[in-house]
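Here are a few exercises to work through with the model open beside you. Try each task before you read its solution.

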Amino acid sequence: MSRLGLTRRGVMLGGACLFGHSAVAQTATIPDCPDVAAAPHLGLSAQEQERHEIYLRLAMAMVFDGWGVDRNRKDLVAAYAAAEPGRQFGAYAGHNVGALLVGAQDQIICFALNRNVELNSTLEHAEARAIRSAIHIANAERFQTGGPAWSFGNLLRGDRLYATLEPCAQCAGIMDLANIGTVVFGQSDPAQNGIVNVLYNLHHSPSRQTSVEAGGAPLPVPAAFVDIWGELEAAYRSFVATAQAGSRTGLTSFLQTVAAYRIYREAAAAFSSMQVRDEANAAALRTAQAFRAQWHGRIFVGAVPD
C-alpha cells in the first residue's frame, strides 16, 4: 500500500466510496470522496443534549473512580503522588477509557473499563467489553423467561453507548453488529479517522436500500456541547505540542497524564453536584448518580461492574 502512496485514511475512504458509487475506476488514485467521514447533522434538542451529558459525565466519573497509573513509570508515579497525595491509585490495567450502555427506557445496563494491559489483549476495549457484558445480561434474562432463539440482532437494538473516547474501528464494527442506536463520545481521536462517521454514512447513504429492521451503525454524537469536550481537546493539543521528540503522542498516552486526570477529576465533581436544567431529565440524573454510588467503592479498589 505504501508503494502506491495510499494513506490509511485514503484506503478507508476509498473503500467507502466503492460502496457508494456504482462505477469503480480501476486505478490506484485515492477516490475523491471527502464527505464519507463527515459528521452527520444532529439537531439535538436542549433536553436531549442534557440527557446525553448526564450519562457521559457518569461514564467519565467512573473512569475517574477506576483511574490507573503505570507503576513501572517512576515519572508518572511521582507526578500522581504530588498531584493527589491522598489517593492510592490502582494498577494500570488498561487505558483510562470507559463505556456505559443505556437502554431504550433509560435503564443503565452496564459499564466497562478498558483492560488491554491486564488481559494482555488489544481487543479488550471498554466499548467491546460493555457490549459483551450487555449481551450476557440480556441472554441471562432470555434463558430465564424462555425468549425466542435467533434474537441476537435485537438484544441491544436501539440502545445508547457512552464512550469517554471516540471509538476505534473494532468497537465501531461491534456496535454496528449489535445494532446500537447511538454512540456519544467525550473526546475525539484523530487516529481513528472518523470511522464511526464512515460506517454511519455508509449505512444511511441514499444509494443504499436498507430497511429499518436491518439496523446499522449507530448515530455518532461527539459531545462538543459539553464543556469538558473543549478542555480535553485543548489539553491534548498542548500534550502533543510539548512532547519530546520520539515520545508517544496518542490519545491513550495523553490519558495517562496528570493533566487528563485533573479534567476527569473535575468532571466527576461536576457530576456529583449536577442539577438538571430540564425537569424531564431529573429521573435520569437520579438513576445515574445512584449507579455510580453503587459501584464507586468497588471500582476504586479495582473491581468493575461487568
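**Exercise 1.** Decide whether Y80 and Y261 are buried or exposed, then describe how their rings are arranged.

*Solution.* Start with burial: Y80 and Y261 are both buried, where buried means under 20% relative accessible area, exposed over 50% and partly exposed in between (1.4 Å probe, protein chains only). This is a predicted model, in which local features need pLDDT of at least 70, side-chain atom pairs count only at pLDDT 80 or more, and totals for chains, interfaces and linings use all residues. Residues are numbered from 1 along each chain as its sequence is written, and side-chain values use heavy atoms, with hydrogens and water left out.

Next, the rings. Phe, Tyr and Trp rings (for Trp, the six-membered one) pair if their centres lie within 6.5 Å; planes under 30 degrees apart are stacked, over 60 edge-to-face, and the rest tilted. That rule gives eleven aromatic pairs. Y80 and Y261 make an edge-to-face pair, 5.5 Å centre to centre with 75° between the planes.

Now place them in the chain: Y80 sits in helix α3 (residues 74-83) and Y261 in helix α9 (residues 258-272), 181 residues apart. Helices here are DSSP runs (H or I, at least four residues) and strands likewise (E, at least two), numbered from the N terminus. Finally, widen the view: F64, W67, Y80, F89, Y261 and Y264 form one aromatic cluster.

**Exercise 2.** Which residues touch the most other members of the largest nonpolar core?

*Solution.* First, the term: a nonpolar core is a set of buried Ala, Val, Leu, Ile, Met, Phe, Trp, Tyr and Cys residues joined through side-chain atoms within 4.5 Å. The largest one has 76 residues, and W67, L100, L161 and F254 touch the most other members. Helix α2 (residues 46-65) gives the most to this core, ten residues.

Then look around L100. Leaving aside residues up to four places away in sequence, its contacts (heavy atoms within 4.5 Å) include Y55, L58, F111, L161 and F291.

**Exercise 3.** Where is S253, and what does S253 touch?

*Solution.* S253 lies in helix α8 (residues 251-254). With a relative accessible area of 14%, S253 is buried. Beyond residues up to four places away in sequence, S253 touches F239 and R248.

**Exercise 4.** What share of the protein chain counts as buried?

*Solution.* Of its 306 residues, 49% are buried. For the overall fold, count ten helices and seven strands.
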